[in-house]
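Please keep the sequence and the structure at hand while reading.

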Amino acid sequence: MAAPGENLRINPDRLWDSLMEMAKIGPGVAGGNNRQTLTDEDGEGRHLFKRWCEAAGLEVAVDRMGTMFARREGTDPDVLPVYVGSHLDTQPTGGKFDGVLGVLGGLEVIRTLDDLGIRTKHPIVVTNWTNEEGTRFAPAMLASGVFAGVHEQDWAYDRKDAKGKRFGDELERIGWKGDEPVGERRMKAFFELHIEQGPILEDEGIDIGVVTHGQGLKWLQVTLTGKESHTGSTPMPKRRNAGLGMARITEMAHEVAMDYQPDAVGAIGHMEVYPNSRNIIAGRTVFTIDIRSPEKEVLDAMDQRIREGIELICEALDIKYEIEQVGHFDPVTFDETCVKAVRDAAERLGYTHRNIVSGAGHDACWINRVAPTAMVFCPCVDGLSHNEAEDISKEWAAAGADVLFHAVVETAEIVP
């Protein structure tokens with residue numbers, strides 16, 4: 001299989017301009033983005049991406065989960081396409097690059113091929129997966145999960161946001177519910193470019209992360225029910241304080257994660273307190289425990305210890321509890337051939353690189369179940385992500401997209 005020449009590079013200015021143009025849609029309050037899935041802003045971002053794809057001569061299709069597929073034909077209609085992409089939705093206080101770099105980097109692969117007049121044997125399909133973030137509709141990576149057979153489509157449609165709005169209804173409302181059945185597409189391979197969302201590459205001065213594995217994850221949504229009462233007149237021994245229960249469980253989850261160092265992590269990010277009044281003891285709390293590890297045995301052990309700890313804490317405080325697992329995937333090992341294509345591309349282009357484990361979940365983690373898959377990481381400033389201050393340099397973006405270009409095009413096979 002012929003590799004692209006080392007002189008072949010993407011257009012860094014065009015890629016950066018596209019990133020900045022997309023960032024104008026759904027601006028945040030502090031310089032980032034709020035383009036949550038299935039909002040009007042998400043719909044606007046999709047329309048812009050579609051216009052760019054059609055301008056590049058791509059045929060755009062949409063499946064019943066709203067995932068977008070933009071296809072550049074190959075010279076052989078009977079071979080499987082090579083897929084590339086990520087997601088355009090963001091966190092409520094998200095950055096300009098998380099996910100977006102992977103989608104627009106994929107588009108830049110196509111634009112560069114057109115600039116150079118290069119044809120490939122295999123078609124190349126640029127993908128925008130719906131609801132990767134999971135911030136509005138849990139769980140994360142929802143559409144790719146349905147595609148990979150992890151979730152049922154009807155179950156996904158019934159996911160509700162904090163205001164009780166259904167995923168399926170909102171998908172129809174913004175006009176991006178397609179006709180194509182989900183999961184019927186077959187892939188030769190899938191590649192995803194993403195910012196690291198961690199500090200390792202920047203700290204070590206490395207250009208490219210060659211992602212070999214992905215951490216497993218569990219999200220445990222916990223509901224504690226005590227009794228609302230006056231903060232001033234209720235004797236301490238008589239209190240059934242759901243807020244105190246949440247505080248103790250927060251500390252316990254941290255201690256469990258610390259017991260499985262160096263790779264395990266755990267924290268509580270989502271918290272709701274009811275009635276959330278200054279002088280009322282909380283009668284109910286709802287919060288989500290996020291635990292992760294690259295080892296399945298460790299992830300399962302943390303899960304068990306946290307559940308046992310919750311039972312003990314709630315018994316001591318005379319409060320009730322419910323635990324719902326609202327997100328889960330096992331640790332991932334990416335395809336050796338695809339990983340090698342990424343590593344070889346970095347070496348061919350002269351970029352420094354190292355193997356790395358993804359600490360975050362990505363659509364590639366689900367697609368790895370149904371197709372050979374690999375990921376490319378570029379650094380981000382201070383390892384900061386899911387924050388409006390998230391930042392990368394034009395040079396980091398270009399290096400990641402260069403490696404993506406070479407890995408994708410080598411896999412799609414250049415036609416002489």
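## Cysteines

Cys-378 is buried, with a relative accessible area of 0%, where buried means under 20% relative accessible area, exposed over 50% and partly exposed in between, for a 1.4 Å probe and protein chains only. Cys-380 is likewise buried, at 0%. The sulfur of Cys-380 lies 7.3 Å from the closest cysteine sulfur, that of Cys-378, which is too far for a bond, because a disulfide is a pair of cysteine sulfur atoms within 2.5 Å. By this rule the count of disulfides is zero, and Cys-378 is in none.

## Basis of the model

This is a predicted model, in which local features need pLDDT of at least 70 and side-chain atom pairs count only at pLDDT 80 or more, while totals for chains, interfaces and linings use all residues. Residues are numbered from 1 along each chain as its sequence is written, and side-chain values use heavy atoms, with hydrogens and water left out.

## Helix contacts

Helices (H or I, at least four residues) and strands (E, at least two) are DSSP runs, numbered from the N terminus. Helix α1 (residues 12–23) packs with helix α2 (residues 40–55) at an angle of about 150 degrees, and their axes are 10 Å apart; axes are lines fitted to C-alpha atoms, for helices over the stretch in contact, and angles run from 0 to 180 degrees between N-to-C directions. That makes α1 roughly antiparallel to α2, since angles over 145 degrees count as roughly antiparallel, under 35 as roughly parallel, 65 to 115 as roughly perpendicular and the rest as oblique. Ser-18, Glu-21 and Met-22 of α1 make the contact with Gly-45, Leu-48, Phe-49 and Trp-52 of α2, contact meaning heavy atoms within 4.5 Å. By class, this contact of α1 with α2 has four nonpolar, two polar and one charged residues, where Ala, Val, Leu, Ile, Met, Phe, Trp, Tyr, Cys and Pro count as nonpolar, Asp, Glu, Lys and Arg as charged, and the others, Gly among them, as polar.

Helix α10 (residues 336–349) and helix α12 (residues 394–412) pack at about 125 degrees, with their axes 8 Å apart, and they are therefore oblique to each other. Ala-341, Val-342, Ala-345, Ala-346, Arg-348 and Leu-349 in α10 meet Asp-402, Val-403, His-406, Ala-407, Glu-410 and Thr-411 in α12. By class, the contact of α10 with α12 has seven nonpolar, two polar and three charged residues.

## A buried loop residue

Ile-319 is found in the loop between α9 (296–317) and β12 (320–329), and at 7% relative accessibility it counts as buried. Leaving aside its neighbours within four places in sequence, Ile-319 is in contact with Leu-224, Thr-225, Gly-226, Arg-240, Asn-241, Ala-242, Gly-245 and Cys-314.

## Backbone features

Most residues other than glycine have a negative phi, and most peptide bonds are trans. Another cis peptide bond joins Gln-261 and Pro-262, with omega about 20 degrees, and Pro-262 sits in the loop between α8 (242–258) and β9 (265–274).

Gln-197, which is not a glycine, has a positive phi near 65 degrees and is found in the loop between β5 (189–195) and α7 (200–204). Asp-382 also has a positive phi, of about 60 degrees; Asp-382 lies in the loop between β15 (373–378) and α12, and at 63% relative accessibility it counts as exposed.
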